[in-house]
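Student: I'd like to go through a structure with you, one question at a time. Could you show it to me?

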Amino acid sequence: MKQSQAINNTAAFFPNHFKKIGLIVALLPVALIFLAKYFFPDTPTETKLIVKDFLFNVTILGILIIAWSRDKEEDEMSMQNRLQALGFVVFTAVLMMMINPLVNLFWGEPFQEMSAKQLMLFILLGYIVFYKIRKRSA
Amino acid sequence: MKNTIKVERAKQNMTQQDLAEKIGVSRQTINSIESQKYIPSTVLALKIAKVFNIKVEELFELEEDDFL
């Protein structure tokens, strides 16, 4: 479907097939963790933490690629849905950041703020889910 | 803002998919415009009007609520 630049101003997104690449990148760390547990059971805790941190980054990168990939049929309504999803998720993320430490306290856990990576994951996943909901309800 | 896209489509025996392909949008977008869930951009409105060979004012009409 060829579209004019006026209607389809989505040049900043990755092509549609990047969704599959993103999915592989996001799931790769899960597979690697299982393999590492099987092949390297005696890894020191410090190394485990560094690897875990790195793999979490890879997962976030994979989800970012999925979120920033075009749909098969992308048009001006998709852009409006994306904008609404982004607005909703930013609003929710701010509330979540404020409420999350209080919820932790309520459940008897230490007062701890969300990390930047947790927030990033929440924003990306929230964006993907809300965009899908908007798209299906159209 | 109401529109007569469904009527014009019926006159020309055209499906939502046919119209979507002609103007380069998804079928869902046409469905949303027809059911007044989505208001198209000027470019898209002009494109739709051109497909039906009518003026855009004949296709789209403002309602009382639009002036509030």
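Tutor: Gladly! A:Lys117 sits in helix H4 of chain A, where helices (H or I, at least four residues) and strands (E, at least two) are DSSP runs numbered from the N terminus. This is a predicted model, in which local features need pLDDT of at least 70, side-chain atom pairs count only at pLDDT 80 or more, and totals for chains, interfaces and linings use all residues. Residues are numbered from 1 along each chain as its sequence is written, while chains are lettered from A and ligands numbered from 1 in the order in which they are written.

Student: Is A:Lys117 buried, partly exposed or exposed?

Tutor: A residue is buried if 20 or more other C-beta atoms lie within 10 Å of its own, exposed if 12 or fewer, and partly exposed in between, with C-beta atoms placed from the backbone. A:Lys117 has 13 other C-beta atoms within 10 Å, so the class is partly exposed.

Student: Which residues does A:Lys117 touch, leaving out those up to four places away in sequence?

Tutor: Two residues are in contact if their C-beta atoms, placed from the backbone, lie within 7 Å. By that rule, A:Lys117 touches A:Phe56 and A:Ile60.

Student: How are H2(A) and H4(A) oriented to each other?

Tutor: Two packed helices are described by the angle between their axes and the distance between the axes. Helix H2 (residues 45–67) and helix H4 (residues 116–137) of chain A pack with their axes 10 Å apart, at an angle of about 25°. Angles under 35 degrees count as roughly parallel, over 145 as roughly antiparallel, 65 to 115 as roughly perpendicular and the rest as oblique. H2(A) and H4(A) are therefore roughly parallel.

Student: Which residues of H4(A) make the contact?

Tutor: On the H2(A) side, the contact is made by A:Phe56, A:Ile60, A:Ile63, A:Leu64, A:Ile66 and A:Ala67. From H4(A) come A:Lys117, A:Met120, A:Leu121, A:Leu124, A:Leu125, A:Tyr127 and A:Ile128.

Definitions and conventions: Axes are lines fitted to C-alpha atoms, for helices over the stretch in contact, and angles run from 0 to 180 degrees between N-to-C directions.
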